[in-house]
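Subject: Handing over a structure

Hello,

I am passing this structure on to you, and I hope you enjoy looking through it. Please open it first, then read on.

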Amino acid sequence: MSATSAAETAEARGTPLSRLVAARRAAYRADVVTDDPPQLTRGSASRRLTDQVARVVMWASFGLAMVPLVWILGTVVARGYELLLASSWWTLSQRNINAADVGGGAVHAIQGTLIQAAVTAAISVPLGIFTAIYLVEYGRGRLARAVSFMVDILSGVPSIVAALFVYAVWVTTFGFQRIGFAVCLSLVLLMIPVVVRSTEEMLKLVPNGLREGSYALGVPKWITITRIVLPTAFSGIVTGVMLGLARVMGETAPLLILGPYTKSIATNLFDGYMPTLPTMINQDRTEIGLDSAMERMWAAALTLILIVLALNLVGRWAARRSSVRR
Amino acid sequence: MANRLKVEDVNIYYGAFKAVEGVTLTFEPRSVTAFIGPSGCGKSTVLRTLNRMHEVIPGGRVEGSITLAGQNLYAAEVDPVAVRRTVGMVFQRPNPFPTMTIFDNVVAGLRLNGLRNKSELADAAERSLRGANLWNEVKDRLNKPGAGLSGGQQQRLCIARAIAVEPHVLLMDEPCSALDPISTQAIEDLIEELKTDYMIVIVTHNLQQAARVSDQTAFFNLAATGQPGKLVEVGPTPRIFEHPVHESTEAYVSGRFG
């Protein structure tokens with residue numbers, strides 16, 4: 001700014017500097033400004049070709065990415081839908097039903113999956129959200145960096161490692177039984193980083209102007225966070241929680257290691273085996289060649305997909321009900 | 001008057017960087033003070049120290065004394081939250097809370113500080129919206145989202161929100177820079193009215209606005225980029241515009257730089 005004003009002053013006085021500046025400007029204008037009419041027609045042939053190629057590549061990639069998705073969904077629905085139509089699927093367990101028999105239902109596995117998911121969420125959602133709040137709103141310096149680093153590491157932990165870790169602590173070290181709650185603990189390890197990272201991103205999206213607007217009204221920081229920042233980010237946080245939940249509901253490794261399958265209804269997290277949809281799928285998968293088992297496997301898979309879908313819909317509905325008003 | 005706001009020998013830092021140096025000035029109750037000066041000279045920074053908003057930024061630090069009615073705002077026993085209740089602020093960009101209705105926005109400061117009584121809240125909302133010249137425009141849609149208003153209405157909503165908590169001082173950081181001339185006119189008229197109750201400090205890049213609304217004008221400048229900003233001179237607005245003491249003030253108010 002000061003350079004321009006100095007040049008302008010010099011120009012007014014007619015010094016050598018002003019002549020230099022005038023010459024530069026003239027040269028610059030000659031370079032940039034021409035009297036040719038602007039080109040308003042379509043670009044050159046090569047440019048149109050590039051456009052076409054890019055368009056084809058993009059659509060092809062999209063199509064390719066859709067193939068496995070549609071394929072899996074199509075297969076699961078086609079092979080599994082029949083059992084779901086029977087009311088017994090939603091009301092009965094597999095108790096006293098041999099692998100080769102038909103009949104029974106999946107209610108024991110559905111209950112187990114829902115209970116474990118609920119308990120996992122009840123532990124990891126508060127922990128994850130509080131951690132994210134700490135990282136975004138309070139965390140400074142070394143501790144925050146360490147926490148953030150740990151979350152990164154945790155999000156890279158394979159589920160089987162999380163499961164074996166809990167096994168090492170729960171069964172080997174403390175000598176406890178393999179029970180549903182141990183499964184939940186290992187799922188918590190997998191869910192927390194998802195919740196932390198997504199919540200963190202959503203909190204960062206809340207404009208600082210809102211926080212300052214609240215502080216300027218004499219509102220304390222913690223009320224600003226609970227009443228202004230969290231509601232503003234609510235829908236994004238819910239989406240993140242749902243993603244985390246979808247991830248842990250499909251996890252199988254911790255269930256195989258810590259929560260063995262049983263065909264009966266078992267809802268006690270703290271005693272005995274606990275059936276879930278992934279372990280039911282795994283159980284029937286081992287009965288290769290038995291049509292009844294194969295059919296149950298596909299039906300259980302479809303049930304799991306539907307439950308995750310339903311939870312996502314509920315989450316979206318909740319997010320829409322209480323969030324940013326337009 | 002007893003409820004003066006006095007700034008004495010204030011230096012302001014962002015981390016190790018000294019942004020503003022050696023500011024001393026006094027604000028009188030029921031008067032409007034305008035801060036003018038080129039970008040980056042520290043006007044907003046000084047403004048934000050008056051309600052301890054500066055320290056919200058990591059590394060923000062203030063030296064010197066700022067007293068309101070004789071109490072040092074930076075004394076150890078002073079709660080910054082209480083300071084901000086006394087010294088309200090309106091920002092450059094209107095920032096209504098997006099999850100709240102117009103009504104909820106206006107009473108946000110009261111409600112978030114624990115006021116529950118519905119009729120008191122309704123009274124405060126009407127009083128503040130009338131005070132901000134917005135009541136007639138929004139009285140039929142108090143339950144609509146605040147973010148649905150026009151930019152000028154949003155800014156008046158933010159002013160209503162600020163005066164709802166009944167502060168002693170109202171700070172305005174370029175409140176009209178995002179607004180069209182008609183909304184600007186509305187805000188300026190409002191400043192004229194609010195001045196009968198509040199002490200107002202306004203940062204503006206619009207010299208005509210400073211000349212129109214303020215009783216006292218403070219000109220800030222900085223020697224060069226990277227140097228701290230300084231208060232060049234302060235005085236009654238007509239004097240600053242007509243008979244500035246410093247050459248740089250003269251140059252700035254006559255439009256020769258900045």
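Below is what was found, taken part by part.

Please keep in mind that this is a predicted model.

Next, the meeting of the two chains. Here 21 residues of chain A are in contact with 26 residues of chain B. On the chain B side, α2 (80–86), β6 (87–90), α4 (108–112) and α7 (151–164) each supply at least two residues, and α2(B) gives the most, with 4 residues. By class, this side of chain B has 16 nonpolar, 6 polar and 4 charged residues.

Finally, chain B holds an open sheet of 10 strands with mixed pairing, in the order β5-β4-β1-β2-β10-β9-β3-β8-β7-β6. Its edge strands are β5 (71–72) and β6 of chain B, each pairing on one side only. Strand β4 (residues 60–68) of chain B pairs with β5(B) in the antiparallel sense, over 2 bridges; Q71(B), in β5(B), is the bridge partner of L68(B). Helix α7(B) packs on the sheet and touches β6 and β7 (169–173) of chain B. The direction of α7(B) makes about 175 degrees with that of β6(B).

Best wishes

Key. Residues numbered from 1 in each chain as written. Chains lettered and ligands numbered in written order. Predicted model: local features only at pLDDT ≥ 70, side-chain atom pairs only at ≥ 80, totals over all residues. Contact = placed C-beta atoms within 7 Å. Nonpolar A, V, L, I, M, F, W, Y, C, P; charged D, E, K, R; others polar. Pairing = 2+ DSSP bridges. Axes fitted to C-alpha atoms, helices over the stretch in contact; angles between N-to-C directions.
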